[in-house]
Amino acid sequence: MRRAGVGEAGLFFGAFAVLLLSLWLDVRFLGETLERISTGSMDVHADFDTFWRSAEALWEGVDVYDTGARLENLNPPFWVLLIAPLGLLEPLAAYRAFAVITLAVTVGYLAWMAGELRLRGGWAVVAAAMLLLSSPLLATLALGQIYPILALGLVAAWVADRRGGFVLSGAALGLVVAVKPSLAPVLLWPLVRRRWRALSAAALCGAAATLLGVVAVGWRATLDWVALVTGAPLSAYWDNASLPSAAARIFTENEFAEPIVTLPLLVPVAYGVGIAAIIFTAVRVSGGSEAGLWALAAASLLASPIAWHNYLVLLGPGILVLLARGRVAPAFLLLALQSIPPQWPLLWSGEDTVLATLALTLYLYILVAHWLSFLAVRKETAESPA
């Protein structure tokens, strides 16, 4: 008991230290993130500008993946179809509408999770406030990214499974994967727990949504998307928190950090480690765990070629599970880690030292911390196969 108490005290101390660091960074770079959200420049809202151009192209009947956007649209045809209504608005108006929608969605799924977990009012308010002010969510709103929509799908799947609605749970998972195929490992959640109806519903809904998107944009545009995804180079950019990206940043020549040692073969090894993490996680949660879905989502991000730091929005609901099950110290630490602003890399950019390279890989450490925290949650309630 004493060792556990010391460990929790250490986590709390670490969390407060991280919060102080975040506050210092916020003061040093005061107002930058909020200005990015409020600006009228679509160049700042780069991700949404890409989506909007694809939506506009869909209405015009031209290739939705060849729009002249500054960033390539790596999202599948189904997402283009979902975002299509906003293509009828002017770009800035569409962005602001999308930002309001995603903020409302975030508040909604956090309240939904807190209510489902019967999380006490004080902790629910603190956790929700910290997640709403977190660096990943604020940056997501500024760029116009889709992560809150995906998080809503994961929450819907989790709640439906908890209430015995296995078909609805599977359908929600299928739609999540149809929007973001790199999250496909979350389908192991119903598989290893023998939720056969959920797994079948996930496969059918995911396939149907994908086919609907293909029909909407056309085969040629779909093939363009496949070419973009398969041909995209692995990014060593410091905001990419995946294991392969970290290996590329630390062990290969790149423009973002000085490699500690040049060992390019460690990049495919990192992919292998990521796949092993997914398999280990699936086995670990096969007996049932309330945080199992979030552990698999975190493992998916670790193994993916791209796992931007803003993907942590997907894992926010899992932190509420930790709080509800009395794991306050690790939950508080994760909330604190999510508060570190995106200006952190600016402190190290241009420094060709081992310390700088390791510091620029901070977002991987944060993602690993989420994964390990979710893995530590044991089965709380008896479950029966579907």
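Tutor: Let's start with a working rule: rings of Phe, Tyr and Trp pair if their centres lie within 6.5 Å. In this predicted model, such ring pairs link Phe48, Phe51, Trp79, Tyr95 and Phe98 into a cluster.

Student: How many aromatic pairs does the structure hold?

Tutor: There are 12 aromatic pairs.

Student: Why is the pair of Phe12 and Phe332 called tilted?

Tutor: Planes under 30 degrees apart count as stacked, over 60 as edge-to-face and the rest as tilted. The planes of Phe12 and Phe332 stand at 45°, so this pair is tilted. Their ring centres are 6.0 Å apart, and the limit for pairing is 6.5 Å. The pair also links distant parts of the chain, with Phe12 in helix α1 and Phe332 in helix α17, 320 residues apart.

Student: What makes Phe12 partly exposed?

Tutor: Buried means under 20% relative accessible area and exposed means over 50%. Phe12 has 28%, which lies in between, so Phe12 is partly exposed.

Student: And why does Phe332 count as buried?

Tutor: Phe332 has a relative accessibility of 10%, which is under 20%, so Phe332 counts as buried.

Student: What makes the pair of Phe51 and Trp79 edge-to-face?

Tutor: The angle between the planes is 80°, and anything over 60 counts as edge-to-face. The centres are 5.9 Å apart. Phe51 belongs to helix α3 and Trp79 to helix α4, 28 residues apart.

Student: Are Phe51 and Trp79 buried or exposed?

Tutor: Both Phe51 and Trp79 are buried.

Student: How do you know that Arg193 lies over the face of Trp189?

Tutor: A charge sits over a ring if CZ of Arg is within 6 Å of the ring centre and within 35 degrees of the ring normal. Arg193 is at 4.2 Å from the ring centre of Trp189 and lies over its face.

Student: Which helix gives the most to the lining of the largest cavity?

Tutor: Helix α5 (residues 91-117) does, with 3 residues. The lining of this largest cavity includes Thr106, Tyr109, Leu110 and Gln338.

How values were computed:
Residues numbered from 1 in each chain as written. Predicted model: local features only at pLDDT ≥ 70, side-chain atom pairs only at ≥ 80, totals over all residues. Heavy atoms only, no water. Helix = DSSP H or I, 4+ residues; strand = E, 2+ residues; numbered from the N terminus. Buried < 20%, exposed > 50% of the residue type's maximum accessible area, 1.4 Å probe, protein only. 1 Å grid on protein atoms, 1.4 Å probe; cavity = no way out; pocket = protein on both sides within 12 Å on 5 of 7 lines; lining within 4 Å.
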